[in-house]
Amino acid sequence: MSKQYTALGLMSGTSGDGVDASIIRSDGKTSYEVISNKYFQYTNDIYQGIHSLKEKIHSIEDLSTYSKNINSLEKDITLFHAQSTNDFCKNKEVDLVGFHGQTIYHNPKEKISKQLGNGALLSQLTKKKIVYDFRQNDIRNGGEGAPLTPIFHQLILKQNK
């Protein structure tokens with residue numbers, strides 16, 4: 001039998017309205033079990049910050065132009081994820097946390113994707129192992145920047161045969 005891991009996944013989608021959190025137990029290959037799910041709604045300031053930046057950023061140059069705003073919002077988003085993680089994981093054992101961050105610009109044709117979220121800071125604030133920055137390696141190797149989706153879909157198919 002393969003080793004089982006308990007993982008917290010944190011995902012904030014295109015809507016930029018909050019964080020979906022899910023704790024699962026899996027061996028990563030043949031089985032998974034959902035332990036708990038919860039949604040954490042962003043504060044109005046974070047929500048407005050995300051959508052304001054997304055409206056302004058249309059190129060790699062814009063990422064540089066708005067870098068101060070990006071860095072400030074990234075810190076706020078990371079702090080929000082840390083609070084959500086600490087609240088959700090209270091009295092729960094979690095081996096690792098998958099941290100997607102918040103996408104503010106994505107263009108796989110240009111091989112550029114910018115997610116806001118500081119994995120090192122999140123680790124310090126939660127005292128947990130954080131896996132993050134999923135998209136960059138996938139894009140560099142010709143992918144669209146969603147490397148976990150096909151792996152999880154394959155697992156769902158195997159488990160539900």
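**View 1. Lysine 127, the residue that follows helix H4.** In this predicted model, lysine 127 counts as exposed, because its relative accessibility is 73%, where the cut-off for exposed is over 50%. Lysine 127 sits in the loop between H4 and E6. Its phi is near 60 degrees, which is a positive value in a residue other than glycine.

**View 2. Lysine 128 in the loop between helix H4 (119-126) and strand E6 (130-132).** Apart from neighbours within four places in sequence, lysine 128 touches Thr85, Cys89, Val97 and Ser123. Valine 94 is 34 residues away from lysine 128 along the chain, yet the C-alpha atoms of the two are separated by 7.9 Å.

**View 3. Threonine 126 in helix H4.** Threonine 126 has a relative accessible area of 6%, so it is buried; the cut-off for buried is under 20%. A polar atom of the threonine 126 side chain lies 2.8 Å from the backbone oxygen of leucine 122. Setting aside neighbours within four places in sequence, threonine 126 is in contact with Ala82, Thr85 and Asn86.

**View 4. The buried residues of helix H4: Gly119, Leu122 and Thr126.** Seen down the axis of H4, these buried residues fall within an arc of 55 degrees, so they line one face of the helix. An α-helix has 3.6 residues a turn, so residues three or four places apart point the same way. The buried residues of H4 pack against strand E1 (5-12), H3, E4 and E6.

**View 5. The start of helix H4, with asparagine 118 and alanine 120.** Here a side-chain oxygen of asparagine 118 comes to within 3.1 Å of the backbone nitrogen of alanine 120.

**View 6. Helix H3, residues 67-88.** How far apart are the end C-alpha atoms of helix H3? They are 31 Å apart, which agrees with the 32 Å that the 22 residues should span at 1.5 Å a residue. The buried residues of H3 include Ile70, Leu73, Ile77, Phe80 and Phe88. Ala82 and Thr85 are also among the buried residues of H3, and both are in contact with threonine 126.

**View 7. Asparagine 91 in the loop between H3 and strand E4 (96-107).** Is asparagine 91 buried or exposed? Asparagine 91 counts as exposed, because its relative accessibility is 79%. The phi of asparagine 91 is near 65 degrees, a positive value in a residue other than glycine.

Key:
Residues numbered from 1 in each chain as written. Predicted model: local features only at pLDDT ≥ 70, side-chain atom pairs only at ≥ 80, totals over all residues. Heavy atoms only, no water. Helix = DSSP H or I, 4+ residues; strand = E, 2+ residues; numbered from the N terminus. Contact = heavy atoms within 4.5 Å. Buried < 20%, exposed > 50% of the residue type's maximum accessible area, 1.4 Å probe, protein only. Polar contact = N/O pair within 3.5 Å; in protein donor to acceptor, adjacent residues only side chain to side chain. Expected span 1.5 Å × (residues − 1). Arc of directions from axis to C-beta.
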